[in-house]
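Please look over the model below with these notes beside it. They are meant for a reader who is new to protein structures.

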Amino acid sequence: MNDLQLAILVYIIGMMAADFIILYYLLRRSIVNKKAIFFVSSVLLYMSVEAVDIAYILFSHGNILIEPFSLIIASIPIVISTIMKNVVTRWREDKTSALTLALTIVADEIAMGYAYSEAFGPHINPIIDSVSNIAFGVMMLADSLFFLALSPRKIEELALFTFSASMAFMPNIFFTFSAYTELVGSLIASVIMIVNIITLYLIESRKLTFNAQLLSISLGFFDFVMMLSLSIYATSKDLYTISIGMIASMLWYFTLVLYRFKDIKIKIGLKYPLMFVIFINFAELTMGFGESVLGFRVTNNLWMPSTHMSKMHIMNMAGMHTLMWSPTTNHWWWIFPTDPWSMTLMGYKQAIMATHNILFAGFWASYMLIMMTTMMPFYVVMMGAEMSYLVYERFKTAKNSNVKRWAIAILVGIPLFVWLLPYYTPTYIFGMSGMLSHINPAFAPTLLSFGLSLLAIAIASTLFGRRAYCNLVCMSAHMWTNIYYDQFKPKKSAKLWDYLKWVSLGIMILVFVYSSLIFMGIAKNPSIGKLQIPLFDFYGMFTLNYIWWFFFFLTPVFGTYACARQGWCGFGNFAGLFNKLLFKIRADSIDTCRNCKTVNCETGCPVKIPIRSDVLSKGYTNRISCVGCGDCVEACPYENLEIVDIRNVFKSGKARTS
């Protein structure tokens, strides 16, 4: 580091200190003269343009005549203040004052980033240089900590902190470092954003004000913007999009921090939750996609400079295979086993060549993109972490001990049945069979492992009902059995779904029988044109990755447990057949149900089973579509319902013995 670089570094640190001192005194005073805000804005702008001018002149040998022009621009706010009325205002509730200061701070941050990049690099263009350097990351983290320290301890403040702190570790910040440093930084950003998304879920479920909705929905949108930028960066190493996305996100962050929107109660309705769920789900999808692509390419040493890109064009088929699947020598293979983007492109090209049908190729590419992303271990771990916390929140609020115990079982089941067993063993749980068989043939499913998996589901469903699969093994249940999505229970059902479940069950049986013939070498996988469809994996992944994702991000429209209520999940219907053996929701007193005026059990049921009529006719309900979530038991104001399964048999045995 030479003297000029040291001088720039000292100047930047001095600017940051001055910014914090000024903001500290402003934030402590809610009422100030409006002219003071514009005066402060000019002071900050003077420091900003000086940082830009000094760096430009010293390191790019710019013309010193730029100085008077930049000072004139920086003087605009103070000139405006001389002609405005002398008004004392609550500046954080005044749009002009708060937004002017927010814009000024963003300009200040960009200027400091530019000054650092002129001294230390990179040298691509001013926008990229200003954002894609370690100094910018340090400034964003410092800003996050500063505003968190001065704010009241509320969940909204934690959401703002985690939102801005995640930007401090985006991969472009470490662009001039090693590829592994980029990956580690990106993973830290994602972990912080996972915490941010959890806080947004909690705000949505607890706060019914305009402020809360604006905060959660807008941050959900900008989470998506940043993760989309990460995905574009991971696939093309494009720095423009991620830089612009971060600047836009940063501007909105400072707007939310400095300006106080009117905190009024609103009627939530459908539009607010729908916007939130859509933005959050797209943020999660793009996060899973971007991190999986980036992680695969970095850990397989495929993240190479553009000067070496020509090597990729002359790779043979073995080389292309390496581009899609991790070798066993890669110690990160268990979390980044494949490249979803390469698989999507390959699927599209194969579909075009095999069918010459662009519509089918488009569908096949969308299937490959969503399926490959949602089945990636990183995506599953990310979603499991988010949903586990929301299930834990449901555990805390549940009053029934049976529901509490089952919530704990779900928390244990998420890592075990959603990730470890289906990914790294040759089972068919959750439709992930053989995902890693391309890396290690030992993971390839066989007819025996397939049969044992179905037998395990049958036995577990016999002992505990359909919930042994739909509420413990399947990730879809974890996504809906939590404190946030609980509010989207449908108001009613339709007879049509009762017929649809038999259709989907029939299709599943046909697929499984035909797949067994394929395992035995009697039949072959079907083909569309020249494109061969791996029927065994396609059915599971199309149902539990592709169709599920569309229903999940539209939960406010279709309601929770659409898979069970509408019956499109053949796996669940298969497990539901065993509800007829031991499992049931039983009433202690039929007369209590007969005299009930509220029928809260049916209101609380996400599948909309006619519980009361079943109880009045036979004393219990055990329909195939019942997922055993326990919401009806929890909702009953008379504590008249209980879940019966194999545990009650042992309890009865102990009672008779005593």
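1. Axes here are lines fitted to C-alpha atoms, for helices over the stretch in contact, and angles run from 0 to 180 degrees between N-to-C directions. Helices (H or I, at least four residues) and strands (E, at least two) are DSSP runs, numbered from the N terminus. This is a predicted model, in which local features need pLDDT of at least 70, side-chain atom pairs count only at pLDDT 80 or more, and totals for chains, interfaces and linings use all residues. Residues are numbered from 1 along each chain as its sequence is written, and side-chain values use heavy atoms, with hydrogens and water left out.

2. Helix α19 (residues 447-464) packs with helix α22 (residues 495-519) at an angle of about 155 degrees, and their axes are 10 Å apart. That angle makes α19 roughly antiparallel to α22 (angles under 35 degrees count as roughly parallel, over 145 as roughly antiparallel, 65 to 115 as roughly perpendicular and the rest as oblique). On the α19 side, Leu-447, Phe-450 and Leu-454 make the contact, and on the α22 side Phe-512, Ser-516 and Phe-519 do; contact means heavy atoms within 4.5 Å. These contact residues divide into 5 nonpolar, 1 polar and no charged (Ala, Val, Leu, Ile, Met, Phe, Trp, Tyr, Cys and Pro count as nonpolar, Asp, Glu, Lys and Arg as charged, and the others, Gly among them, as polar).

3. Helix α19 has 18 residues and reaches 26 Å from its first C-alpha to its last, close to the 26 Å expected at 1.5 Å a residue. The expected span is 1.5 Å times one less than the number of residues. Just after α19, Gly-465 takes a positive phi of about 85 degrees.

4. Which residues of α19 are buried? They are Ser-449, Phe-450, Ser-453, Leu-454, Ile-457, Ala-458 and Ser-461. Buried means under 20% relative accessible area, exposed over 50%, partly exposed in between (1.4 Å probe, protein chains only). The cover over these residues includes α20 (467-470), α22, α23 (535-553) and α26 (570-576).

5. Ile-358 is found in helix α16 (residues 358-374) and counts as exposed, at 58% relative accessibility. Leaving aside neighbours within four places in sequence, Ile-358 is in contact with Tyr-348 and Ile-352. The C-alpha atoms of Ile-358 and Tyr-348 are separated by 9.0 Å.

6. The structure holds 0 disulfides, a disulfide being a pair of cysteine sulfur atoms within 2.5 Å. For Cys-569, the nearest cysteine sulfur, that of Cys-563, is 5.8 Å away. Cys-569 is buried, with a relative accessible area of 5%. The sulfur of Cys-636 is 6.4 Å from the closest cysteine sulfur, in Cys-593, which is too far for a bond. Cys-636 is buried, with a relative accessible area of 12%.
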